Amino acid sequence: MSKKRNEEKSVFAMGTGVSSLLVIFAILCITVFAVLSVSSASADSALSEKTAVSVKEYYAADSEAEKILSEIRSGNIPDNVTCEGDTYKYVCHINDTRELRVEVTVNGSDYLIERWQTVYTGSWENDESMNVWGGE
């Protein structure tokens, strides 16, 4: 009878080595997921800060453009505005690489915004670092 008990114990008993390995694997997985979460949160925070700065710069230029439009409508033409007939053109600086270009046609008390566009003004360089197969 004692032989039978020993056989049952060896079939159902799980050693401490296997359970330790499972615990170590679970802790390792949790640690990896925690590091990935922190990394993702850090990247999201940096992107949010850049976006907030970009939006703040754009709306500062937009506000300046609205003030200039208001002056044009009241009959005062600022120095940085060019006039071609009834069309007034001016540019508001956003940052080093973007500007807001505005064209407004004024007809009496009515006005029509022809262009209110953010334009990229930075230099563009073609990236030819990757060798692409030319077809032959």
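1. In this predicted model, Phe33 has a relative accessible area of 57%. The residue is classed as exposed because that value is over the 50% cut-off. Phe33 belongs to helix H2, which covers residues 16-74.

2. Phe33 also takes part in a nonpolar surface patch, together with Leu28, Val32 and Leu36. The accessible area of these four residues together is about 410 Å².

3. The length of H2 agrees with expectation: its 59 residues, at 1.5 Å a residue, should span 87 Å, and the C-alpha atoms at its ends are 86 Å apart. Following H2 is Gly75, with a positive phi near 100°.

4. How many aromatic pairs are counted? The count is 1 aromatic pair. The partners are Tyr58 and Tyr59, with ring centres 5.1 Å apart and planes at 80°. That angle is over 60 degrees, so the pair is classed as edge-to-face. Tyr59 has a relative accessibility of 52% and therefore counts as exposed, the cut-off being 50%.

5. Which residues of H2 are buried? Ala61, Asp62, Ala65, Ile68, Leu69 and Ile72 are buried in this helix.

6. Phe33, in H2, is exposed, whereas Ile68 and Leu69 are among the buried residues of the helix.

How values were computed:
Residues are numbered from 1 along each chain as its sequence is written. This is a predicted model: local features need pLDDT of at least 70, side-chain atom pairs count only at pLDDT 80 or more; totals for chains, interfaces and linings use all residues. Side-chain values use heavy atoms; hydrogens and water are left out. Patches are made of residues with over 30% relative accessible area and no salt bridge: like charges are joined within 9 Å, nonpolar side chains (Val, Leu, Ile, Met, Phe, Trp, Tyr) within 5 Å. Accessible areas come from the Shrake-Rupley method with a 1.4 Å probe; for residues, only the protein chains shown count as cover. A salt bridge is a side-chain nitrogen of Lys or Arg within 4 Å of a carboxyl oxygen of Asp or Glu. Helices (H or I, at least four residues) and strands (E, at least two) are DSSP runs, numbered from the N terminus. Buried means under 20% relative accessible area, exposed over 50%, partly exposed in between (1.4 Å probe, protein chains only). Rings of Phe, Tyr and Trp (its six-membered ring) pair if their centres lie within 6.5 Å; planes under 30 degrees apart count as stacked, over 60 as edge-to-face and the rest as tilted. The expected span of a helix is 1.5 Å times one less than its number of residues.
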